[in-house]
Amino acid sequence: MRILITGANGQLGYDLQRTLTSHELILMDFPAFDLTKPSCEEQVVNVRPDVVIHAAAYTDVDGAELQPDLAMAVNALGTEWVARGAARVKARLLYISTDYVFDGLKRTPYLENDPANPLSLYGKSKLEGECRALAHCPNSLVVRTSWLYGAHGKNFVKTMMRLAMEQSELRVVADQRGCPTNAADLAQSLARMLTPDIRGIVHATGGGDCTWCELASAIVSAMGQQIPVHPITTAQAGRRAARPRYSVLANCVLKQSGISLPAWSDSLVQFVKSGAAPTVA
Ligand SMILES: NC(=O)c1ccc[n+]([C@@H]2O[C@H](COP(=O)([O-])OP(=O)(O)OC[C@H]3O[C@@H](n4cnc5c(N)ncnc54)[C@H](OP(=O)(O)O)[C@@H]3O)[C@@H](O)[C@H]2O)c1
């Protein structure tokens, strides 16, 4: 199968390349492939992929509050061009989206058909990207994931691993709950979504849930460190963008298709102990 990966140099793109080794991969990324330029539609058409995994995005959640036009241009309009290109060559489109499309007011896991109501400009731009993917490419699947971490790029897990080596204690937000997802696990599950029998929206996250503070404690423990991890509130963390307090996703549709991701706690221990994060960010 001929698979185009956008955002190939990003965190998920890296693990997709390591996972989809039995396929012919076409790798595209900024700046040669720029989602703010309409020419990216033609770039998709020109390589005639069977599947497009659209992982490229404006991913700076706090930055999007300051650059809403850019976030919308990349995540919404850019996705429309990719979707139009995919549709023209009858390719399947897998659009990677986020738990931040939800407002976090639920207290039970979000289902695929729960109404979205993003709190942040990043979430709004990704939701608009979802709508445009589904509207402009008939064979598209929106894959919502959350709290992603992997060996490549910056992420919470690698940051906590570094801080646990540098500091005598950690202070971490304890009033947001979600599902940490290992990028390699997500890539494995995406490999099973390449064929066109699932369409619409799916949730694909690590199994189970936790707070950021519980995740940090698990990281410290997996490292064999003894330092205390103190809970703080979202308000104390003082981030620019609002985040959902509860964004646990139920992976119902995937489970019906026989696809599941490992428990977040198992993957995390494996990640930390394997030295999979050689360049701790
Ligand atoms: N990270 C998370 O916790 C998380 C959670 C839920 C969903 N997601 C979604 O999962 C997907 C993959 O995330 P990730 O963590 O792999 O993100 P990432 O590491 O930030 O990678 C994003 C990629 O998109 C590229 N990009 C940015 N602006 C672009 C533009 N104008 N044109 C073309 N490419 C552009 C980036 O290139 P440069 O590096 O050159 O800027 C980078 O290679 C994204 O769709 C994201 O929204 C992520």
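Here are a few notes on the ligand site and the sheet of this predicted model.

1. Some ground rules: residues are numbered from 1 along each chain as its sequence is written, and side-chain values use heavy atoms, with hydrogens and water left out. As the model is a predicted one, local features need pLDDT of at least 70 and side-chain atom pairs count only at pLDDT 80 or more, while totals for chains, interfaces and linings use all residues.

2. Now the polar contacts (N or O pairs within 3.5 Å). The side chain of Tyr 122 puts an N or O atom 2.7 Å from a ligand oxygen. A polar backbone atom of Leu 35 sits 2.9 Å from a ligand nitrogen, and a backbone N or O atom of Ala 55 is 3.4 Å from a ligand oxygen. Of the 900 Å² of accessible area the ligand has on its own, the protein covers 77% (Shrake-Rupley method, 1.4 Å probe).

3. On to the sheet: it is open, with six strands in the order 2-1-3-4-5-10 and parallel pairing (strands are DSSP E runs of at least two residues; a pair needs at least two bridges). Strand 2 (24–28) and strand 10 (200–203) are at the edges with a single partner each, so one side of each lacks a neighbour in the sheet.

Technical notes: Polar contact = N/O pair within 3.5 Å; in protein donor to acceptor, adjacent residues only side chain to side chain. Helix = DSSP H or I, 4+ residues; strand = E, 2+ residues; numbered from the N terminus.
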